[in-house]
Amino acid sequence: MKFFLGRNFGKLVLSFSSLASVFLLPSCSTFNKGEQKVFIYSNPEDATCKLYQGGVLKEEFQTPHYVILQRSSDQALSLNCAKLGYQLFAKSFESHIRDVDFSDSALTSAAADDAENQRTYSYPKEISVDLQRLKKGKAEQPLPTVFQRPEGYY
């Protein structure tokens, strides 16, 4: 009993913690709840934006802003941003398969389960919105109620 309460107990706990982290931490990237945090910022700041996922309005906000999204293999993100004196910003983003480390055979089945549950799909971690000043004589374009490309955008 004296062995566990003495100086060696701390070493034993530290060794066990280090060993556990080697085996458990690599799998953390695979085991998640299928959510992703995306940071959206604009130049200049304080643009009003609407973010759509799969064509459905997810959130309306002012930049800069973090949004938490469900990962998906088939739901594109669409973003509209507007600011007085600037052109309407519009851009879409497809999800892509994020890097998964298959070197550990114990993780292969977990990664396959993630793929089945769409957890391996990812959106950009950051989205930069570069607003362009309106040209002289151009009319303001307000933030639309549904996703819309700016006038003259092809």
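## The three-stranded sheet

Three strands, in the order β4-β1-β9, make up an open sheet with mixed pairing. The edges belong to β4 and β9, each of which has a single partner strand, so one side of each is left without a neighbour in the sheet. On average, neighbouring strands here are turned by 25° against each other, direction ignored. Keep in mind that this is a predicted model.

Now for the pairing inside this sheet. If you want a spot to look at, find Gln36, which stands opposite Leu69 in β4.

## The four-stranded sheet

There's also an open sheet of four strands, ordered β3-β2-β5-β6, and its pairing is antiparallel. β3 (56-62) and β6 are the edge strands, pairing on one side only. From one strand to the next, the twist averages 15°.

β2 and β3 are antiparallel and joined by six bridges. Cys49 takes part here: its bridge partner in β3 is Phe61.

## The disulfide

Cys49 turns up again in the disulfide, where it is joined to Cys81 with an S to S distance of 2.0 Å. The count for the model is one disulfide. Cys49 sits in strand β2 (residues 48-53) and Cys81 in strand β5 (residues 77-82), so the link ties together parts that are 32 residues apart in sequence.

The link between Cys49 and Cys81 is right-handed, with 110° about the S-S bond. Are these two cysteines buried or exposed? Both Cys49 and Cys81 are buried.

## The nonpolar core

The largest nonpolar core has 18 residues, and the ones touching the most other members are Ile40, Leu51, Leu79 and Val129. Of the strands, β5 gives the most, with three residues. In general, nonpolar side chains in soluble globular proteins tend to be buried together.

Ile40 is a handy place to start exploring. Setting aside neighbours within four places in sequence, Ile40 is in contact with Leu51, Phe61, Thr63, Pro64, His65, Val67, Leu79, Ile127 and Val129. Among those partners, Leu51, Leu79 and Val129 are also named with Ile40 as touching the most other core members.

Methods:
Residues numbered from 1 in each chain as written. Predicted model: local features only at pLDDT ≥ 70, side-chain atom pairs only at ≥ 80, totals over all residues. Heavy atoms only, no water. Disulfide = S-S within 2.5 Å. Helix = DSSP H or I, 4+ residues; strand = E, 2+ residues; numbered from the N terminus. Buried < 20%, exposed > 50% of the residue type's maximum accessible area, 1.4 Å probe, protein only. Core = buried A, V, L, I, M, F, W, Y, C linked by side-chain atoms within 4.5 Å. Contact = heavy atoms within 4.5 Å. Pairing = 2+ DSSP bridges. Axes fitted to C-alpha atoms, helices over the stretch in contact; angles between N-to-C directions.
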